[in-house]
Amino acid sequence: MAIVPAYSPDYDTIVYETEHTYYVKELAHSMIERACIEGGATCEGRRDAVSKLINVSSKIPIPIDPLNHIYAFPTHSPSKFECNWIFYHHIHTFKKLSNKTLITFMNHHQLTVDITHSTFEKQVQRTSFCIVRLTQRPVERKRRLEYV
């Protein structure tokens, strides 16, 4: 559901999954990179492709494994320590809390992130557009083949 930085000397990252929470001695970016490789491409390659597809140059959503519908987006620049990675399909709702956003996930777990509601909403929209662009391609290709 989310990968967040830890402010602890014992672990680097907190990973929230639907059934468990893990405290991991590995940085979030490293985990995202490894997951992208397991999904068939480098994180940098996916970032470049999405940047061109949706015409965005910062805080680019990452299709970690598009075949399995795993998409994540950063709350801040991935180079910043405070960057959280939110997994799109786990979001149920999100609402404004001053200059922060409260996310409620599908399993009812809640997480407050230090990002404005409008910025969070923009990231959700970017990720949605990314998903549409990537899932449209096979349909368009099939349509073109049918008319040849």
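H117 is found in helix α3 (residues 117–146), where helices (H or I, at least four residues) and strands (E, at least two) are DSSP runs numbered from the N terminus. The model is a predicted one, in which local features need pLDDT of at least 70 and side-chain atom pairs count only at pLDDT 80 or more, while totals for chains, interfaces and linings use all residues. Residues are numbered from 1 along each chain as its sequence is written, and side-chain values use heavy atoms, with hydrogens and water left out.

**Surroundings of H117**
- H117 is partly exposed, with a relative accessible area of 22%; buried means under 20% relative accessible area, exposed over 50%, and partly exposed in between, with a 1.4 Å probe and protein chains only.
- Leaving aside residues up to four places away in sequence, H117 touches F94, K95, K96, K100 and T101, where contact means heavy atoms within 4.5 Å.
- The C-alpha atoms of H117 and V15 are separated by 22 Å, and the two residues lie 102 residues apart along the chain.

**The sheet of 3 strands**
- An open sheet of 3 strands, with antiparallel pairing, has the order β7-β8-β9; two strands pair if DSSP finds at least two bridges between them.
- Its edge strands are β7 (91–97) and β9 (110–113), each of which pairs on one side only.
- From one strand to the next the twist averages 20°, with axes being lines fitted to C-alpha atoms, for helices over the stretch in contact, and angles running from 0 to 180 degrees between N-to-C directions.
- Strand β8 (residues 100–105) runs antiparallel to β7 and is joined to β7 by 6 bridges, and T101 in β8 is the bridge partner of K96.

- A second open sheet, of 6 strands with antiparallel pairing, has the order β3-β2-β1-β6-β5-β4.
- Because β3 and β4 stand at the edges, each with a single partner strand, one side of each is left without a neighbour in the sheet.
- Strands β1 and β6 (residues 85–87) pair in the antiparallel sense over 2 bridges, and W85 in β6 is the bridge partner of I3.
- Helix α1 packs on this sheet, touching β1, β2, β3, β4 and β6, and the direction of α1 makes about 60° with that of β4.

**The largest pocket**
- The largest pocket holds about 440 Å³ of space; on a 1 Å grid over the protein atoms alone, a pocket is an open set of points where a 1.4 Å probe fits, with protein on both sides within 12 Å along at least five of seven lines, and lining residues have an atom within 4 Å of a point.
- Of the 23 residues that line the largest pocket, I3, E17, A35, I70 and F87 are the closest to its centre.
- Among the elements that give two or more residues to this lining are β1 (2–5), β2 (13–16) and α1 (28–38), and the largest share, 5 residues, comes from α1.

- Most residues other than glycine have a negative phi.
- N55, which is not a glycine, has a positive phi of about 60°; N55 lies in the loop between α2 (43–54) and β4 and is exposed, with a relative accessible area of 72%.
- K59 has a phi near 45°, also a positive value in a residue other than glycine; K59 is placed in the loop between α2 and β4 and is partly exposed, with a relative accessible area of 25%.

Note on methods:
Points joined across faces, edges and corners; volume = space filled by probe spheres on them.
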